[in-house]
Amino acid sequence: MKVLITPRGFANYGLDKVRYMESKGLEVHYNNTGKAYTKEEFYNLASDADAIIVGVDIIDKELIDKCPNLKVVCKFGVGTDNIDVDYAKEKGIFVGRTVGSNSKAVAEHVVALMFADAKNLYNTAKEVKNHKWNKPTGQEISGKTLGIIGFGMIGKHIANFANGLGMKVYAYDAFEITDETAKEFNVEKKSFEEIISESDYVSLHVPLLESTKNMLSTEEFKKMKNDACLINAARGGIVDEEALYEALINKEIRSAYFDVYSTEPPTEDDKLLALDNFVLTPHTAARTIESEKRTCEMSTEIILQNLLG
């Protein structure tokens with residue numbers, strides 16, 4: 001049986017897991033090209049696969065129909081918006097996720113983005129490289145209010161970090177946050193509306209669904225503090241980027257720091273990228289040596305359990 005692995009992390013951090021799968025009698029093809037597969041390459045390699053460990057490649061109805069042997073799909077991460085989960089289940093294909101493998105890495109990235117915003121790190125470092133020596137005044141994170149929208153594993157890690165920094169932490173989730181959980185992580189339960197209107201920093205941690213698409217748009221930005229910073233390390237599409245552009249240029253909010261975008265990579269003429277108060281990192285929040293190793297290990301176990309039993 002053949003296992004196709006498309007994430008490049010396996011070539012760097014998971015070769016021992018490749019050998020382990022091979023020792024179990026599996027034929028393993030992993031991406032060692034250093035770049036993402038084209039759609040044609042992916043389709044060709046997947047056509048006879050029994051299992052696929054997938055990163056951002058699209059596994060839709062068209063791809064599934066071209067893979068008659070496919071039995072298991074494992075997301076190298078958590079978000080499955082690039083996988084037609086319903087159609088896979090209809091075809092009897094198991095879809096797994098490496099839940100928790102990169103939660104702490106993403107949480108640390110969010111904290112780094114908050115510091116970058118508070119201390120003007122991006123713009124001042126860029127100016128120094130251009131032989132300028134301006135000294136804008138930053139602000140302290142301690143004492144500020146952080147609103148976390150989506151209180152899963154990542155949100156809980158962020159709450160712990162923020163508490164250590166002396167922040168006040170609000171939390172909202174579509175599912176009930178119990179009083180015990182709120183006490184354990186020292187957060188105040190708030191509504192979505194309260195978080196966006198009362199927080200100095202708003203951090204998004206929800207999946208991309210029809211119900212969450214453009215969940216922050218024109219009306220929400222008008223309710224936010226004028227000096228608020230929006231952080232999105234969840235999924236592109238959760239924020240209405242056209243509305244965000246208007247909010248930033250009209251100073252309805254102070255800044256936005258994203259790790260995800262609706263189109264990755266963005267076009268060279270993207271309007272948001274031209275703004276000094278918008279910063280985008282290239283979807284690297286989850287990428288640490290430690291998280292890549294954990295994700296390789298967890299995805300390997302999911303493949304073996306569901307392919308070999």
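Let's start at Ser299, which is buried, with a relative accessible area of 0%; buried here means under 20% relative accessible area, exposed over 50% and partly exposed in between, using a 1.4 Å probe and protein chains only. Keep in mind that this is a predicted model, where local features need pLDDT of at least 70, side-chain atom pairs count only at pLDDT 80 or more, and totals for chains, interfaces and linings use all residues. Residues are numbered from 1 along each chain as its sequence is written, and side-chain values use heavy atoms, with hydrogens and water left out.

Ser299 sits in helix H13, residues 289-307. Helices (H or I, at least four residues) and strands (E, at least two) are DSSP runs, numbered from the N terminus. Setting aside neighbours within four places in sequence, Ser299 is in contact with Phe10, Ile53, Cys74, Phe76 and Thr98, contact being heavy atoms within 4.5 Å.

For Cys67, the closest cysteine sulfur is in Cys74, 16 Å away, so a bond is out of reach. Cys74 is in no disulfide either: its nearest cysteine sulfur, that of Cys296, is 10 Å away. Cys67 is also buried, with a relative accessible area of 4%.

Now for the annotation. An unreviewed UniProt entry places the feature "domain: D-isomer specific 2-hydroxyacid dehydrogenase NAD-binding" at residues 111-285; positions follow the numbering used here, feature names are shortened, and annotations may be inferred rather than shown by experiment. Over residues 111-285 the chain is 33% helix and 15% strand, with the end C-alpha atoms 11 Å apart.

Notes
Disulfide = S-S within 2.5 Å.
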